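Reader: Please show me the model, and then let us go through some of its local features one by one.

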Amino acid sequence: MKSSIMDDPKKKEITKKRHFSFRINIFFFVTFVLFSVLIVRLAILQFVQAKDLKAAENTNTNQTNKIAPIRGNIYDSTKSPLAYTIPVQSLFFRIEPGQQDKEEIINLARRLKTDVFDKYGKKTAVQPTPEEIVLAMDLGYDINQNKVKDPSYYWVPRKIKTDLSKEEIAYLLEHRDEFKWLEVTEESIRTYEMDDDGTTTIAPQLIGYLNKYSTQSAQEMYKDNPESKEYLPAENVGFDGIERMYQDDLRGKNGYKVYPVNAAMKIIGRATVTKPIKGNNLYLSINKDIQKTAEKAIQDQIAFLHTPYARNDAFIKYGANAEAGYAVAMEVDTGRIVTMANFPDYDSNVWTGGISQVNLDKVGSFIANGSITTAYPKYTDKERPKHPSSIVFMGSTIKPLSVLIGLTEKLITPANQYYNDTGTFTFGKTGSTSSISNSGKVAYGNLDAAGSIEHSSNTYMSAKVGIPFYSKYGGENVKVTDKWAEYLAKFGIGVKTGSGLPSENAGSNDFVKNAKKDSYQSAMVYASWGQNEKTTTLQLAQFAATLASRGKKMKPLFVDEIRSFEGDLVRKVEPEVMEDSTALFAKGDWNTIIHGMKSGAEGIEELPYNVARKTGTSTQAVSGGTIDNAVFIAFAPVENPKLAIAVVVPEGGYGRYGASPIAAKIFQAYDAANDGILTKLGGGKKPW
């Protein structure tokens, strides 16, 4: 009976329907409850929390990081690289909120050391220690967002390591999730071309160097540069020389990395990257081969002056204490500087990554460009006052100009053009007279204007130019020095050359100081043969070039052209006449002084073309006595001047022995580098 009931199909169907209805009811009930909760939640969001959520939505924003551009390269006139940028991949650490767990940071540093740097780093590189990594992260402050006054502090990435290997980069990218807060970013390393000796670079004082923009000196240096607002604290900027002079051209334009961040300043998405624009390339007027010849010529000449042979020679021995030298060669018709050599020089790559105190102590006194400003060899503080700097008196190199002024002012005339040089000259009031003499008190007898230059007569300059010029312009008053300075400025003496090089010195004129010490008459006498005017080597080169062009003062140029990184011409630098005084001086007077520029000069006579030159011995007072500096100017060929050279060797003695051999080698190097142009223009040796 019971079995039949269970097997009744109708009853089974009724039971199934009841179960189905029950499940349907349960489903609709649950759905109703869920929809009710959803509606209530939406209502709460819409009417209760809408204001707060809207505010939170508005706090999501973008954070922008600047990417420093790759710096342009510097080439010589033959397109050989002198300073160039090598792109490298560097590892940076980004500070974010939520990094309070110091143990996590320390473990990250340890993993970087053991799992990445030690295993995959370049074998030639010294790997940073965990302690150095943590120090580079710069976490020595409270990183709680609410306590940091400047939130932008988060967004200055800290460099952990430069020049990663491909293997390091690959490992870091593969394990990106494990190495939080780390980024691999391309940056650049500045490299300077080494000289043949392998210990110095080519023209380091002229090319200059880079240093961090974050330093106080850089902040001060670029405070008036409107472009500096784009600089990154960690990037390198030009600190001297061409690197600083052409900073804006070389630097390029920033790129940008934009991160989406939330209200807690945490990154919530991938960055968008805008690549930086690479800086322009410079093509200098400097010729690498001529530059290397000049640098070696100075070094070799100073080494020669130290030899026993030189020390025992009656004339050369006066240069035995020379330790430094400077040479500048300038094209007469264009103003292009083909060499600017300093000795001692150094390896400017020591600045890459920041110079150490040890290296700074070694080269600090001659990092500055001694051709345009004050520099010394490495002396102790006690020794330095006993030696001259790179800026010295002109000495006898001024004499061609002194005679030209005398002829122009009619102080020297055909009626009294000869002067009997007895070797000494006395001047001053009766009872308080002073005497000056020629070198070695040599008496040259009857001299005309040209002969006075050739024999370098101090007495002629004093008697025929110094005293008459003093009398003509009122004697004991400032008009004398003002008029004299006016003439000198036309040739680049006592004023800046206009080169644009940073830190260029205008030299000095001790006329007034000497006048107050003695008298204007005495100061004028000494000025006439170069013992009042201190000059830089670049000023002397511009002076020599202006004599060669017969009064056309050219702006010294260091750059021929600027091109984009892709090679397109940005700017061509054209020759510039700063002052044209050719009409002020008579043609016959020019002929007279150039005819007199035949001083004895070692190495010059052997050249296969005529060279106008003037040696100088610049006497200077230092602590403990006086010293003689070797000074020399020249231009060639006489018939069609193309190249002017100035050489200064502090404590080098006579210019004939201490400086002229250096100039001779530079003339030879220029001729060789330019298909014998000096020889061709000169047309061979002949009387002049």
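**Around V638**

Author: Leaving aside neighbours within four places in sequence, V638 is in contact (heavy atoms within 4.5 Å) with I594, N610, V611, A612 and W688. This is a predicted model, in which local features need pLDDT of at least 70 and side-chain atom pairs count only at pLDDT 80 or more, while totals for chains, interfaces and linings use all residues. Residues are numbered from 1 along each chain as its sequence is written, and side-chain values use heavy atoms, with hydrogens and water left out.

Reader: Does V638 count as buried or exposed?

Author: V638 is found in the loop between strand 25 (625-636) and strand 26 (643-649), where strands (E, at least two residues) and helices (H or I, at least four) are DSSP runs numbered from the N terminus. Buried means under 20% relative accessible area, exposed over 50%, and partly exposed in between, with a 1.4 Å probe and protein chains only. Because its relative accessibility is 15%, V638 counts as buried.

Reader: Which residue is joined to P637 by a cis peptide bond?

Author: P637 is found, like V638, in the loop between strand 25 and strand 26. Omega of the cis peptide bond is about -15°, and the residue that it joins to P637 is A636.

Reader: What is the value of omega for the cis peptide bond between F343 and P344?

Author: P344 lies in the loop between strand 12 (337-343) and helix 13 (357-363). Most residues other than glycine have a negative phi, and most peptide bonds are trans. The bond that joins F343 and P344 is cis, with omega of about 5°.

Reader: What relative accessible area does K410 have?

Author: K410 lies in the loop between helix 14 (399-408) and strand 14 (419-421), and its phi is near 65°, a positive value in a residue other than glycine. K410 is exposed, because its relative accessible area is 61%.

Reader: How are helix 16 and helix 17 oriented to each other?

Author: Helix 16 (residues 458-472) and helix 17 (residues 478-489) pack with their axes 9 Å apart, at an angle of about 125°; axes are lines fitted to C-alpha atoms, for helices over the stretch in contact, and angles run from 0 to 180 degrees between N-to-C directions. Angles under 35 degrees count as roughly parallel, over 145 as roughly antiparallel, 65 to 115 as roughly perpendicular and the rest as oblique. Helix 16 and helix 17 are therefore oblique to each other.
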